[in-house]
Amino acid sequence: MNMLGGGGSAGRKPLKSGMKELAVFREKVTEQHRQMGKGGKHHLGLEEPKKLRPPPARTPCQQELDQVLERIATMRLPDDRGPLEHLYSLHIPNCDKHGLYNLKQCKMSLNGQRGECWCVNPNTGKLIQGAPIVRGDPECHLFYNEQQEAGGAHAQRAQ
């Protein structure tokens, strides 16, 4: 009965003890890396390529959003009203997950009333001529046809 967990396992104890010491050592190294700002990864080969890649190009919508956020970050508040009072004068672009402008752009709601909304070209952010500016949904899909845009861009490239 004593064979599984008894004196015959004397060779296993140092192995278990060594594994425990290795785990404690890894934890210490990981903590030191965190404190030095190196993160928790042990394989330098995994981190290096990320540092060498240039950042992806920012789209016009993302660039405009960055500028607005920078402006918000540097706003000086003259009193204790808070930053929201100053945000109503800014247009904060509405970008989609690909970095293009969403067809519908809107001002912020104020005092429970919806902000004005308008339609833009998703590539340029420019107002679509003939589309209404309304408090609510201007139904931009009726005023923007992606196929026309693609055809226009293709025609421009061919020239």
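## Disulfides and salt bridges

The backbone nitrogen of T59 sits 2.9 Å from a polar atom in the side chain of Q62. This is a predicted model, in which local features need pLDDT of at least 70 and side-chain atom pairs count only at pLDDT 80 or more, while totals for chains, interfaces and linings use all residues. Residues are numbered from 1 along each chain as its sequence is written, and side-chain values use heavy atoms, with hydrogens and water left out.

Let's stay with Q62 for a moment. Q62 is part of helix 3 (helices are DSSP runs of H or I with at least four residues, strands are runs of E with at least two, and both are numbered from the N terminus). Leaving aside residues up to four places away in sequence, Q62 touches A57, C95 and G99, where contact means heavy atoms within 4.5 Å.

How many disulfides does the structure hold? There are three, and with bonded cysteines counted along the chain they follow the pattern 1-2, 3-4, 5-6. Here they are side by side:

| Cysteines | S to S distance |
|---|---|
| C61 and C95 | 2.0 Å |
| C106 and C117 | 2.0 Å |
| C119 and C140 | 2.1 Å |

Take the bond between C61 and C95, with its S to S distance of 2.0 Å. C61 belongs to helix 3 (residues 60-73) and C95 to the loop between helix 4 (84-87) and strand 1 (104-106), so this pair ties together parts that are 34 residues apart in sequence. The torsion about the S-S bond is about -100°, so the disulfide of C61 and C95 is left-handed. C61 has a relative accessible area of 1% and is buried; for this label the area must be under 20%, while exposed means over 50% and partly exposed lies in between (1.4 Å probe, protein chains only).

Next up is the link of C106 and C117, which is right-handed with 110° about the S-S bond. C106 lies in strand 1 and C117 in strand 2 (residues 116-119), so the parts tied together here are 11 residues apart in sequence. Are these two cysteines buried or partly exposed? C106 is partly exposed at 29% relative accessibility, whereas C117 is buried at 5%.

Strand 2 also supplies C119, whose partner C140 lies in the loop between strand 3 (134-135) and helix 5 (146-158), so this pair ties together parts that are 21 residues apart in sequence. The link of C119 and C140 is left-handed, with -90° about the S-S bond. C119 is buried at 0% relative accessibility, and C140 is buried too, at 4%.

Now for the charged residues. Side chains of opposite charge can pair when their charged atoms come close. A salt bridge here is a side-chain nitrogen of Lys or Arg within 4 Å of a carboxyl oxygen of Asp or Glu, and by this rule the count comes to two.

One of them joins R58 to D66, with the closest N and O atoms 3.0 Å apart. R58 is partly exposed at 42% relative accessibility, and D66 is partly exposed at 33%.

K107 forms a salt bridge with E116, the closest N and O atoms being 3.8 Å apart. K107 has a relative accessible area of 48% and counts as partly exposed.

Definitions and conventions: A disulfide is a pair of cysteine sulfur atoms within 2.5 Å. A polar contact is a pair of N or O atoms within 3.5 Å; within protein, one must be able to donate a hydrogen and the other to accept it, and residues adjacent in sequence count only if both atoms are side-chain atoms.
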